[in-house]
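Here is a short report on one protein chain. Please keep the sequence and the model at hand while reading.

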Amino acid sequence: MKNNTAFLIVMLGLLAGCSSQDHSDLTVFMADVKAKPAGQIEPIPTFTPYEPFDYSVTQMRSPFQRPVTIENLVQLLPASSIKPDENRVKEYLEQFPIESLNMVGTISQKGVLWALIDDNDGNVHYVKEGNYLGMDHGKIRIVGESHVQVMEIITNGVDGWVERPRNLELIEE
């Protein structure tokens, strides 16, 4: 019991010592801060609304295709005998745009060089000269060790068809 009484006396002494502190400096600081004029907040900036751009030059070359070189320009001249065979059964790789197809290798079997084409769906397909790929009636003309040359038949924008050469280059990782 003596210990509890001694402890209680010590605690009351500490409590009394803490309550007698002078906080006048804190009161003066708070009065100075409140006496200063209030600052101004800048208004929210105004933004001009987004204006969409209408890309209406679909008859022109896609900006993602390589420009046609001078030697290939002669082949693009319209010829009346050029037109796609609409009665031909479509091959599997003709459902993909040629830009999405990648050549990933070659394999030779019985003297025929086959190109390995990745369709970006996780499938690799074997193609050789004479097969078709791409959505623009692209017929494979030459299969090389590092490239596949394709001749596409596209509309000339008026009433005819023209041939457009394309290459699929081997992608080495």
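## Overall layout

The chain has three helices and seven strands. The model is a predicted one. Along the sequence the elements follow the pattern α-α-α-β-β-β-β-β-β-β. Of the 173 residues in the chain, 23% are buried.

Contacts between residues at least 6 apart in sequence give a further view of the fold. Among these, 43% join residues at least 24 apart.

## The β1-β2-β3 sheet

Three strands form an open sheet in the order β1-β2-β3. The pairing is antiparallel. Its edge strands are β1 (102-109) and β3 (124-127), and each of these pairs on one side only. Neighbouring strands are turned by 30° against each other on average, direction ignored.

β1 pairs with β2 (residues 112-118) over seven bridges, in the antiparallel sense. Within this pairing, Asn102 has Asp118 of β2 as its bridge partner. In general, strands of a sheet pair through backbone hydrogen bonds, either parallel or antiparallel.

A hairpin through three residues joins β5 to β6.

β6 then pairs with β7 (residues 161-169). Nine bridges join these antiparallel strands. Ile153 stands opposite Glu163 in β7. The β6-β7 hairpin has five residues between its strands. In its turn, Gly157 has a positive phi of about 90°.

## Nonpolar core

The largest nonpolar core has 14 residues. Those with the most contacts inside it are Leu93, Ala115, Ile117, Leu133, Ile140, Val148 and Leu168. β2, β5 and β6 are the elements that give two or more residues to this core. In soluble globular proteins, nonpolar side chains tend to be buried together.

What does Val148 touch, not counting residues up to four places away in sequence? Its contacts are Met103, Ala115, Ile140, Ile142, Arg166, Asn167 and Leu168. Among these, Ala115, Ile140 and Leu168 are listed with Val148 as having the most contacts inside the core.

## Glu94 in its loop

Glu94 lies in the loop between α3 (70-73) and β1. Is Glu94 buried or exposed? Its relative accessible area is 8%, so Glu94 counts as buried. The side chain of Glu94 makes a polar contact with the side chain of Arg88, at 2.8 Å.

Leaving aside neighbours within four places in sequence, Glu94 is in contact with Arg88, Val89, Tyr132, Leu133, Gly134, Met135 and His137. Asp136 is 42 residues from Glu94 in sequence. In space, their C-alpha atoms are 7.8 Å apart.

## Aromatic pairs

The structure holds two aromatic pairs. One is formed by Tyr92 and Phe96, with ring centres 5.6 Å apart. Their planes meet at 70°, so the pair is edge-to-face. Tyr92 is partly exposed, with a relative accessible area of 43%. Phe96 is buried, with a relative accessible area of 10%.

Trp114 and Tyr126 make an edge-to-face pair too. The distance is 6.4 Å centre to centre, with 80° between the planes. This pair links distant parts of the chain: Trp114 is in strand β2 and Tyr126 in strand β3, 12 residues apart. Tyr126 counts as partly exposed, at 48% relative accessibility.

Most residues other than glycine have a negative phi. Lys110 is not a glycine, yet has a positive phi of about 55°. Lys110 lies in the loop between β1 and β2. With a relative accessible area of 87%, Lys110 is exposed.

His137 likewise has a positive phi of about 55° and is not a glycine. The loop between β4 (132-133) and β5 holds His137. Is this residue buried or exposed? His137 has a relative accessible area of 12%, so it is buried. His137 is also one of the residues in contact with Glu94.

Notes: Residues are numbered from 1 along each chain as its sequence is written. Side-chain values use heavy atoms; hydrogens and water are left out. Two strands pair if DSSP finds at least two bridges between them. Helices (H or I, at least four residues) and strands (E, at least two) are DSSP runs, numbered from the N terminus. Axes are lines fitted to C-alpha atoms, for helices over the stretch in contact, and angles run from 0 to 180 degrees between N-to-C directions. A nonpolar core is a set of buried Ala, Val, Leu, Ile, Met, Phe, Trp, Tyr and Cys residues joined through side-chain atoms within 4.5 Å. Buried means under 20% relative accessible area, exposed over 50%, partly exposed in between (1.4 Å probe, protein chains only). Contact means heavy atoms within 4.5 Å. A polar contact is a pair of N or O atoms within 3.5 Å; within protein, one must be able to donate a hydrogen and the other to accept it, and residues adjacent in sequence count only if both atoms are side-chain atoms. Rings of Phe, Tyr and Trp (its six-membered ring) pair if their centres lie within 6.5 Å; planes under 30 degrees apart count as stacked, over 60 as edge-to-face and the rest as tilted.
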